[in-house]
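Try each task before reading its solution.

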Amino acid sequence: MAESRQQQFHALLEEKRAEIQRALDAAEQSLAMVAQSRDQAGGDDEHDPEGVPLSSEWARVDAVAAEARARLDEVDAACARLERGTYGFCRICGEAIPLERLRIRPYADVCVPCGSRPRR
Ligand SMILES: [Zn+2]
C-alpha cells in the first residue's frame with residue numbers, strides 16, 4: 001500500500017535526520033572547545049607554545065558541521081517531496097530511485113546513473 005511505503009520513507013528520513021543532528025551537535029561541541037582553547041591561548045598573536053594548529057582543527061570541524069547542515073537541508077527537502085508525493089523519483093530522468101539507494105541515502109533526489117553523471 002502506498003501509505004505504508006510513505007511511512008517507511010518518513011521513518012528513514014527521521015532516522016537520518018537524528019543521525020545527522022547528532023553529528024552536528026558533536027561538531028558544534030568541538031568547535032566550542034576549539035574556540036575555548038583559542039581564548040585560553042591568550043588571543044595574542046604568536047602566543048602558541050605548543051604550536052597547536054587550532055585554525056586547521058577549526059577548519060576541519062567547521063567543514064564537518066557545514067556538511068551536516070547541508071545534509072539536514074537535503075533531508076528537509078526530501079520530507080517536502082514526500083509530502084508532495086514526488087519523493088523517490090529522480091529529478092533528472094524521472095525514474096523511480098531504487099529502494100536500496102533510498103535506504104542508504106534517503107535524501108537522494110537523483111538515481112544512480114544520473115547521480116554518477118557529471119552535472120553541468
Ligand atoms: Zn535519473
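**Exercise 1.** Locate Arg-81 in the secondary structure, then find the nearest side chain of opposite charge.

*Solution.* Start with the position: in this predicted model, Arg-81 belongs to helix α2, which covers residues 54-84. Next, list the contacts, setting aside neighbours within four places in sequence: Arg-81 touches Thr-86, Tyr-87, Tyr-107, Ala-108 and Asp-109. Now look at charge. The nearest side chain of opposite charge is that of Asp-109, 4.2 Å away. A salt bridge needs a nitrogen of Lys or Arg within 4 Å of a carboxyl oxygen, and Arg-81, although buried, has no salt bridge.

**Exercise 2.** Which residue forms a salt bridge with Asp-109, and where in the chain do the two partners lie?

*Solution.* The partner is Arg-91, with the closest N and O atoms 2.8 Å apart. This pair links distant parts of the chain: Asp-109 sits in the loop between α3 (99-104) and α4, while Arg-91 sits in the loop between α2 and α3, 18 residues apart. To finish, check the accessibility of Arg-91: its relative accessible area is 48%, so Arg-91 is partly exposed.

**Exercise 3.** Describe the salt bridge between Lys-16 and Glu-19, then the one between Glu-67 and Arg-71.

*Solution.* Take Lys-16 and Glu-19 to begin with: their side chains meet at 3.4 Å, N to O. Both residues lie in helix α1 (residues 2-40), 3 residues apart, about one turn of the helix. Lys-16 counts as buried because its relative accessibility is 16%, under the 20% cut-off. Glu-19, at 40%, is partly exposed.

Then turn to Glu-67 and Arg-71, whose closest N and O atoms are 3.3 Å apart. Being 4 residues apart in helix α2, they are separated by about one helical turn. Glu-67 is partly exposed at 43% relative accessibility.

**Exercise 4.** Is Ser-116 buried or exposed, and which backbone oxygen does its side chain reach?

*Solution.* Ser-116 is in helix α4, residues 112-116. Its relative accessibility is 57%, so Ser-116 counts as exposed. The side chain of Ser-116 reaches the backbone oxygen of Pro-113 at 3.2 Å.

**Exercise 5.** How many disulfides does the model contain?

*Solution.* The count is 0. As for individual cysteines, Cys-79 is buried at 11% relative accessibility, and Cys-111 is buried at 7%.

Conventions:
Residues numbered from 1 in each chain as written. Predicted model: local features only at pLDDT ≥ 70, side-chain atom pairs only at ≥ 80, totals over all residues. Heavy atoms only, no water. Disulfide = S-S within 2.5 Å. Buried < 20%, exposed > 50% of the residue type's maximum accessible area, 1.4 Å probe, protein only. Helix = DSSP H or I, 4+ residues; strand = E, 2+ residues; numbered from the N terminus. Lys, Arg positive; Asp, Glu negative; His and termini not counted. Contact = heavy atoms within 4.5 Å. Polar contact = N/O pair within 3.5 Å; in protein donor to acceptor, adjacent residues only side chain to side chain.
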